[in-house]
Amino acid sequence: LGQTPHNVVVAQVLYRLGLAEQLRGRNGGRVGAFSFDRASAMAEQLEAAGNEPLDFSCTIMVLGKTGVGKSATINSIFDEVKFGTDAFQTGTKKVQDVVGTVHGIKVRVIDTPGLLPSWSDQCQNEKILHSVKRFIKKTPPDIVLYLDRLDMQTRDFGDMPLLRTITEVFGPSIWFNAIVVLTHAASAPPDGPNGTASSYDMFVTQRSHVVQQAIRQAAGDMRLMNPVSLVENHSACRTNRAGQRVLPNGQVWKPHLLLLSLASKILAEANTLLKLQDTPPGKPFATRARTPPLPYLLSSLLQSRPQVKLPEEQYGDEDGLDDDLDESSDSEDEPEYDELPPFKRLSKAQIAKLSKAQKKAYFDELEYREKLFMKKQLKEEKKQRKMMKKMASAAKDLPSEYGENAEEESSGASSVPVPMPDLALPASFDSDNPTHRYRSLDSSNPWLVRPVLDTLGWDHDVGYEGINVERLFVAEKKFPISFSGQVTKDKRDANVQMELASSLKHGEGKATSLGFDMQTVGKDLAYTLRSETRFSNLKKNKAMAGISVTLLGDALSAGVKFEDKLIANKQFQVVMAGGAMTGRGDLAYGGSLEAQLRDKDYPLGRSLSTLGLSIMDWHGDLAIGCNIQSQVPVGRSTNLIARANLNNKGAGQVSLRINSSEQLQLALIAVLPLLKKLFEYSHQVQYGQ
């Protein structure tokens, strides 16, 4: 092809072949250090001798949208008209191949019909691609050329439907040996943003990046880096003295394209000889057996989930110890809120006239009364919960006819729908207030439908990015069934989350739950079937064991977990969990510990400290993480939140946060980074940067 050993592609091939020789030497017992000079000299000597016939051929398949120049590129490769072309209609109607000799090498090229990028044309594309798949079943191609036009200016990933259809039909591995070919490469670059002409190299780089990024997203592998080759098939293209077509950057495109194709073929054969990649016969582009993300699945399994309860059991704490602990912690000497003498609140002007000692006494009294008032409300809520529990237990003992009549009477008087409060929408530059678009009524409909807001979004038309649906069913009056689903969609991806759960009590403090989850993981859907059994071996100790089975793509994973929750008192509790997840012969272990220390006046107090430890072992790689968070009240309306996390890899983070509703001067700390930036800018201007 007229290339020297110092060509970038040639050097990479020689280096890879040298590594292959070393691996073969290790298998055979002879190890030699790789030398690029010796490898290039040997390659040139063997090529110059030409003693052995070169038994080498290459099969190339061409894919791309209609009108990008697939047939014209094939004609240019063979330097003769193999397929007819037409500028006004589709040239290729069916899959066909042509065989010829290029630079002494037997080359077989498969031409395919043109594809269309829009969503509405994907059914037609699937038919074409399935016919291509049947055509190449016996003799799969070595290299795939994906053609697109260089002068097509697009940044909105409009070709994503087409690329995903190609990936679904052939599998993600079709892109592993694919070369991106940009036709119409002699086109002049467009004007820049300020009207000046942009450089040709920058134009090619930007266009190549857009196509490569789209392929990475379609394949679901951000490590892909497909090589790019430029092609110009027009008869008016500039040529050199040998009659070869030359691009505006001075590159002769045909030898470069052949070099990329043949280099990929050589490396694939070397890998096959070394048994680095086994492709089943008759299965072109066989998908790689992806290892399921066991650490992610295990972390999801170890998460604690609340038990599904009947509507009449929805009152009270999940642990069932809330009322007992609160009653034992209430002080008998503390007066009730109704027994306090009258108290008059002061205005801001009146407070300003008080002395420092008077202000302190006033605010202490005010805080004390607010605390007693909140305690009074909590006690009333506890009484109401107890009453509802008694009514629910009493209703079970009533005759069935009375219960049916009561249900008919209660259903006859339906609740009056009331307007829900307006949603807090993110800031926008729109002139009008769009909250009226999201107003809804709270009715007696058992389906709870809510929007999923994107609080950090800047979309001016729609302030939410999805919907959330929830409902609680009751089967046979004793099986609660909870359904929740969420669908979010942006301009690129769609995410689906669905959970269906039920539980059954089979004794005092014993319950078994069964759940089915479906969620988006990357580009696939993960289906999980799980079951958990809870039992109370002691009054302040709850244990749980569970199993799960997850199907992600074509990989099946199973896991088991154990969890123990110890509630020492109202302030302190510890949750310990451990489990294992296995899939495709792989195994991951993990465990977690979470300790929580709450204020003695919880839930009135603001002090809260948590300590979390997690450990994960996968492929012999041990990951240990520690997370500490503490919230301490500083004054009446100021909280100090400290957070620190650290792992065994030496990475960590420490953060301090203060929020206050009385010390507003704390916001002045934002001036520091502004002054720093202005100082750096003036420094740069001073030195002419």
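**Aromatic pairs and an exposed loop**

Start by selecting Phe 343, Tyr 362 and Phe 363: ring pairs link these residues into a cluster. Rings of Phe, Tyr and Trp (its six-membered ring) pair if their centres lie within 6.5 Å; planes under 30 degrees apart count as stacked, over 60 as edge-to-face and the rest as tilted.

The model is predicted: local features need pLDDT of at least 70, side-chain atom pairs count only at pLDDT 80 or more, and totals for chains, interfaces and linings use all residues. Residues are numbered from 1 along each chain as its sequence is written, and side-chain values use heavy atoms, with hydrogens and water left out.

A search of the whole structure finds five aromatic pairs. Select Trp 447 and Phe 473 next. Their ring centres are 5.8 Å apart and their planes sit at 80°, so the pair is edge-to-face. Trp 447 is in the loop between β8 (441–442) and β9 (448–453), while Phe 473 is in strand β10 (residues 464–475), 26 residues apart. Strands (E, at least two residues) are DSSP runs, numbered from the N terminus.

Phe 483 is in strand β11 (residues 479–489), 36 residues from Trp 447.

Now colour by accessibility. Buried means under 20% relative accessible area, exposed over 50%, partly exposed in between (1.4 Å probe, protein chains only). Trp 447 is partly exposed at 37%, as are Phe 473 at 29% and Phe 483 at 21%.

Finish at Glu 508, in the loop between β12 (494–505) and β13 (510–521). Glu 508 is exposed, at 79%. Phe 535 is 27 residues from Glu 508 in sequence and 8.3 Å away in space, C-alpha to C-alpha.

Methods:
Helix = DSSP H or I, 4+ residues; strand = E, 2+ residues; numbered from the N terminus.
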